[in-house]
Amino acid sequence: MVNLSNLQIISTRNRSAIAIMVLLIFSLSCLANEAPLVAEDPVLEKRMLNLAENLRCLVCQNESLAGSRSDFANDLRREIREQMQANKSDDEITAFLVARYGDFVLYDPPMKSTTWLLWFGPFIFFLGGVVTLIVYLKRRRSQLQNSPLTDHQRRQIESLMEVSDKNKDQSA
Amino acid sequence: MTRFLMPLVIFVIVVIFLAIGLTLNPRQVPSPLVDKPAPVFQLQQLHDNDKVFSSNDNLGKVWMLNVWASWCVACRDEHPLLVELSRLGIVPIFGLNYKDQRDTALQWLKQFGDPYVISIADADGRVGIDYGVYGVPETYVIDKEGIIRYKHIGPVTVKSLEDTILPLINELRG
């Protein structure tokens, strides 16, 4: 039994060693990627990165085109750079990308009929909450005002008061 | 009773929304190119560098453009299906060899079969950008007027062929 459990420990150790090796191999392949082009024009590069910062990479969806190391982002950065060299405005380049990849490339979604729910949804929820709160408070107030004590409740109170009076007398 | 029912109802609604959200595929981004004219391109053919293929050559017929690459693992999944489809001769399939090297691409076709009428070499991926390619394999169905009617992202499956692509092609043929 002891031997068996030892064996199991070794095999899990081996497994983690393999996992580490696999990770190392992948990290090497990252290094092996082509070094990104160093821009000849730092001003243009800065303008490109500024624009790419607000565009989503479709391959690594949680990264911007500026930050992603994927091949896809590399290609699109090249495309943006070239279009900037051709004196295209930022809006023209954005329109070029939206025409190909859809609004999804934009981190800032445009206001249009399909995105109204996205833009106004939170306000609708907020309004709904406020209305519910007001209705609830009003109903509670009217319930409080319109509930005089019944005879039974009055008698209960009186008897309680008597009891407490007696208690006071006793302790005095 | 309603006191306990309301939280339950809200909980069920939240669960339904989460279930829908979690089963959506974030990689399936609807393409704005569907129902728009397919971008026109002229590129060298993969098999013969001297020959140029123009997308305008296909005006007047319904065709499929399949974006593939030898480095693309998922392309191997769908490839037997494309080979079978080309063997049946239902629809001409054209291959856009995306960001690939000629030698390895040709070798790949030799190894796995060549379903393409013509393969076109898009070595630097520029035509890919025009077609909004971001995940290979991708497949486009283009009609007689040269308009993109459908875009399939990821490997084509038997189900997607039978349910969507083939009925669409039949309809487009008219």
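Helices (H or I, at least four residues) and strands (E, at least two) are DSSP runs, numbered from the N terminus. The model is a predicted one, in which local features need pLDDT of at least 70 and side-chain atom pairs count only at pLDDT 80 or more, while totals for chains, interfaces and linings use all residues. Residues are numbered from 1 along each chain as its sequence is written, and chains are lettered from A and ligands numbered from 1 in the order in which they are written.

Chain A has six helices and zero strands, in the order α-α-α-α-α-α from the N terminus. Chain B has five helices and seven strands, and its pattern along the sequence is α-β-β-β-α-β-α-β-α-β-β-α.

The table gives burial for both chains. A residue is buried if 20 or more other C-beta atoms lie within 10 Å of its own, exposed if 12 or fewer, and partly exposed in between; C-beta atoms are placed from the backbone.

| Chain | Residues | Buried |
|---|---|---|
| Chain A | 172 residues | 12% |
| Chain B | 174 residues | 36% |

Two residues are in contact if their C-beta atoms, placed from the backbone, lie within 7 Å. In chain A, 41% of the contacts with a separation of 6 or more are between residues 24 or more positions apart. In chain B, 74% of the contacts between residues at least 6 apart in sequence join residues at least 24 apart.

The C-alpha trace of chain B spans about 80 × 35 × 30 Å along its principal axes.

Chain B contains an open sheet of five strands with mixed pairing, in the order E5-E4-E3-E6-E7; strands pair if DSSP finds at least two bridges between them. Strand E5 (119–122) and strand E7 (148–153) of chain B are at the edges with a single partner strand each, so one side of each has no neighbour in the sheet. Within the sheet, strand E3 (residues 63–68) and strand E4 (residues 93–98) of chain B pair in the parallel sense over five bridges. Helix H5 (residues 158–173) of chain B packs on the sheet and touches strand E6 (138–142) and E7 of chain B.

The contact between the chains takes 11 residues from chain A and 12 residues from chain B. On the chain A side, helix H3 (71–85) and helix H4 (90–101) each supply at least two residues. The residues on that side of chain A are six nonpolar, two polar and three charged, where Ala, Val, Leu, Ile, Met, Phe, Trp, Tyr, Cys and Pro count as nonpolar, Asp, Glu, Lys and Arg as charged, and the others, Gly among them, as polar.

How values were computed
Axes are lines fitted to C-alpha atoms, for helices over the stretch in contact, and angles run from 0 to 180 degrees between N-to-C directions.
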